[in-house]
Amino acid sequence: MTRLLFLCLGLLLLLVSCTLAGNNPVASTQTPVPEVGEQPTATLPLAPDATEPPAETILGEDTVLTACPLEAQQSAFRDDLTFDLETLEMDLCYELDFTLSTDGTRFDARALVTMQNGSEDDWPDLLFRLYPHAAVLFGGTIEVKQVLVNGEAVTSERVLEDETGLLVPLAAPLAAGEGAVVDILFSGELATEAERQERVYGIFARSENAATLASWFPMLAVWNEADNRWFDVPVLGEGDAVFAESALIRARLTGPERFDLATSGLIVGTEGGEGTITHEVVTGPARDLTMVWMEGYEQREDTIDGTLIRNWYRPDHEDSAARVFQSAREALALFNERFGPYPFEEVEIVEVPLHGAGGVEYPQLFLMAQELYGPRGDQQFLTFATAHEMAHQWWYSMIGNNINAAPWQDEALTNWSALLWLEEAGSEEAAERVAQGFERSVEQFEGGEGEEEISAPLESFRGRSGAYATIVYFKGALFFAALREEIGEEAFFAALRDYYADHRFAIAQPDDLLGRFEESSGRSLDEFYKEWGVE
Ligand SMILES: [Zn+2]
């Protein structure tokens, strides 16, 4: 995400003399949506059929891929890139069936989760996360109505202090390599007055023109082999919340027909019902499926390097939307070239009311804060934040990291990436001025509070938004800029490309990133890392 506190950056950017973003709208070209039937489609009734035979207790190795067939999943990728999904060894398939209420404030849904234990440990039970139930950041509610494990009803338990955990018991531990199918019937209610709730972003909220649904389904927690336990940290009131493995997702998403849908993944089929519209979606490997149902939005599209960027905006925000669109196109092309190709067919950008965040990243989609749009919005911060959120497609979406233990691993690298965009799409001078602004903020902060580690866990910034923005975003970006100086262009960018190529679709540790720079430069950077408070 982009901290809104970052708005102080806007003041810095106002000093930048060059034009950071153009203002040339590009005509929208509607892509024809294939008829249902052209692609394999999911048929997942909302209530489990009691006459279905229970699934096998131990699944064959190909079961995840049987539930989420590769052929359909491949369509989420750019046409010019093919990935051998079989070699990615995906251990998780979500089949999701979702129906939004007519007023867009609540939903009923079913998740059929086919998994294989890809760890080396036995799993004693299964922990799912119901992130939107957190009173902070999300502010919604999730109710679980029924849970079946391999066809048998079980008594699940809501756990963690914020009730965002769903503990599902197993008749016997799930051994390494074994599989299970968990069938969860659930419903949710969106925050309807997110702007009045303290520390709630508006990412799971019904606003005037949109129903925004981030991370809305039960997501299997990440198994931590080092600690032999599930990742079970409650949602903190800072930064980001979701830490998840890449999964294959196929979804059947139904809403009132008056709404348009922006979603992670690719819509491969659409059909109308009685006052409703249903979209079939596949995501390819993705950590989340976030969507926005919206009314009365405009959109424009353009294809960059085989990826369609679709930008959704309010009709009175034409000018700001054009800036967002240009920044997004520049950033996508630049990061493709410098980091390695973004592999998916689409990335969507949607403006919605956000509170305390300038933007928030999701797989193949990101949200931008509506208040930055229009004549009163900070247009230069808006374009910087757009580049920041686009960079998260590499650092967060494609390469996952533990957002609690090491929030800097994606945020600092992402904010430096936005500086890189400014340097290339604006000018070196513009990027230098912003970097100097970061330096002044860090000096001022550390002059009063003392030095802090960039690589500190999110917990240590709890209730200290200012410290989080200054140390992780500003000092963190400066760290990467200094590292680039220290080891030179060639070694620096080679390290980033290798890091991306090796860890995309997976979860990387801080050492996976830091070690790359040592390898590419052929020297120890221990001292350098220590000086900067990174380990
Ligand atoms: Zn961010």
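Questions and answers on the structure follow.

Modeller: A word first: this is a predicted model. The chain has 11 helices and 24 strands. Of its 535 residues, 61% count as buried.

Colleague: What makes serine 215 count as buried?

Modeller: Its relative accessibility is 1%. Buried means under 20%. Therefore serine 215 counts as buried.

Colleague: Where does serine 215 lie, and what is its phi?

Modeller: Serine 215 lies in the loop between strand E11 (210-213) and strand E12 (219-220). Its phi is near 50 degrees, a positive value in a residue other than glycine.

Colleague: Why is phenylalanine 505 called buried?

Modeller: Its relative accessible area is 8%. The cut-off is under 20%, so phenylalanine 505 is buried. Its place is the loop between H9 and helix H10 (510-521). Phenylalanine 505 has a positive phi too, near 75 degrees.

Colleague: How do you know whether threonine 99 is buried, partly exposed or exposed?

Modeller: Set its value against the two limits. Buried is under 20% and exposed is over 50%. Threonine 99 has 28% relative accessibility, so it counts as partly exposed. Threonine 99 is found in strand E2 (residues 92-100).

Colleague: How far is threonine 99 from arginine 252, in sequence and in space?

Modeller: They are 153 residues apart in sequence. C-alpha to C-alpha, they are 8.5 Å apart in space.

Colleague: How much of the contact in the chain links residues 24 or more positions apart?

Modeller: Take the contacts with a separation of 6 or more. Residues 24 or more positions apart account for 75% of them.

Colleague: Why does alanine 456 count as buried?

Modeller: Alanine 456 has 14% relative accessibility. That value is set against a limit of under 20%, so alanine 456 counts as buried. It is found in the loop between helix H7 (428-449) and H8. Leaving aside neighbours within four places in sequence, alanine 456 is in contact with Ala405, Pro407 and Phe461. Its C-alpha atom is separated by 8.2 Å from that of valine 534, 78 residues apart along the chain.

Colleague: And what makes serine 397 buried?

Modeller: Its relative accessibility is 6%. Under 20% is the rule, so serine 397 counts as buried. Serine 397 is found in the loop between helix H5 (379-391) and H6. Not counting residues up to four places away in sequence, serine 397 touches Arg287, Pro363, Gln364 and His392.

Colleague: Which members of the largest nonpolar core touch the most other members?

Modeller: That core has 176 residues. Phe107, Leu213, Trp216, Trp293, Trp408, Phe480 and Phe517 touch the most other members. Helix H8 (residues 465-487) gives the most to this core, with 13 residues. The core draws at least three residues from each of domain 1 (2-20 + 401-532) and domain 2 (43-294). Apart from it lies another core, of 6 residues, among them Ala67, Cys68, Met90 and Leu248.

Colleague: What does phenylalanine 480 touch?

Modeller: Phenylalanine 480 touches Trp408, Ala412, Leu413, Trp416, Phe492, Leu513 and Phe517. Residues up to four places away in sequence are not counted.

Colleague: How much space lies in the largest cavity, and which residues are closest to its centre?

Modeller: About 130 Å³ lies in the largest cavity. Of its 13 lining residues, Asp240, Ala241, Val242, Val360 and Tyr362 are the closest to its centre. The lining divides into 9 nonpolar, 2 polar and 2 charged residues.

Colleague: And what of the largest pocket?

Modeller: The largest pocket holds about 870 Å³ of space. It is lined by 38 residues, of which Val222, Trp223, Glu245, Ala506 and Ile507 lie nearest its centre. They divide into 20 nonpolar, 11 polar and 7 charged.

Colleague: Which elements and domains supply that lining?

Modeller: Strand E13 (223-224), helix H6 (408-426) and helix H9 (489-503) each supply at least two residues. H9 gives the most, with 3 residues. Domain 1 and domain 2 each supply at least three residues of this lining.

Note on methods
Residues are numbered from 1 along each chain as its sequence is written. This is a predicted model: local features need pLDDT of at least 70, side-chain atom pairs count only at pLDDT 80 or more; totals for chains, interfaces and linings use all residues. Side-chain values use heavy atoms; hydrogens and water are left out. A nonpolar core is a set of buried Ala, Val, Leu, Ile, Met, Phe, Trp, Tyr and Cys residues joined through side-chain atoms within 4.5 Å. Buried means under 20% relative accessible area, exposed over 50%, partly exposed in between (1.4 Å probe, protein chains only). Helices (H or I, at least four residues) and strands (E, at least two) are DSSP runs, numbered from the N terminus. Domain bounds come from an automatic or database domain assignment. Contact means heavy atoms within 4.5 Å. On a 1 Å grid over the protein atoms alone, a cavity is a set of points where a 1.4 Å probe fits but cannot get out, and a pocket is an open set with protein on both sides within 12 Å along at least five of seven lines; lining residues have an atom within 4 Å of a point. Grid points are joined across faces, edges and corners, and a volume is the space filled by probe spheres set on the points. Ala, Val, Leu, Ile, Met, Phe, Trp, Tyr, Cys and Pro count as nonpolar, Asp, Glu, Lys and Arg as charged, and the others, Gly among them, as polar.
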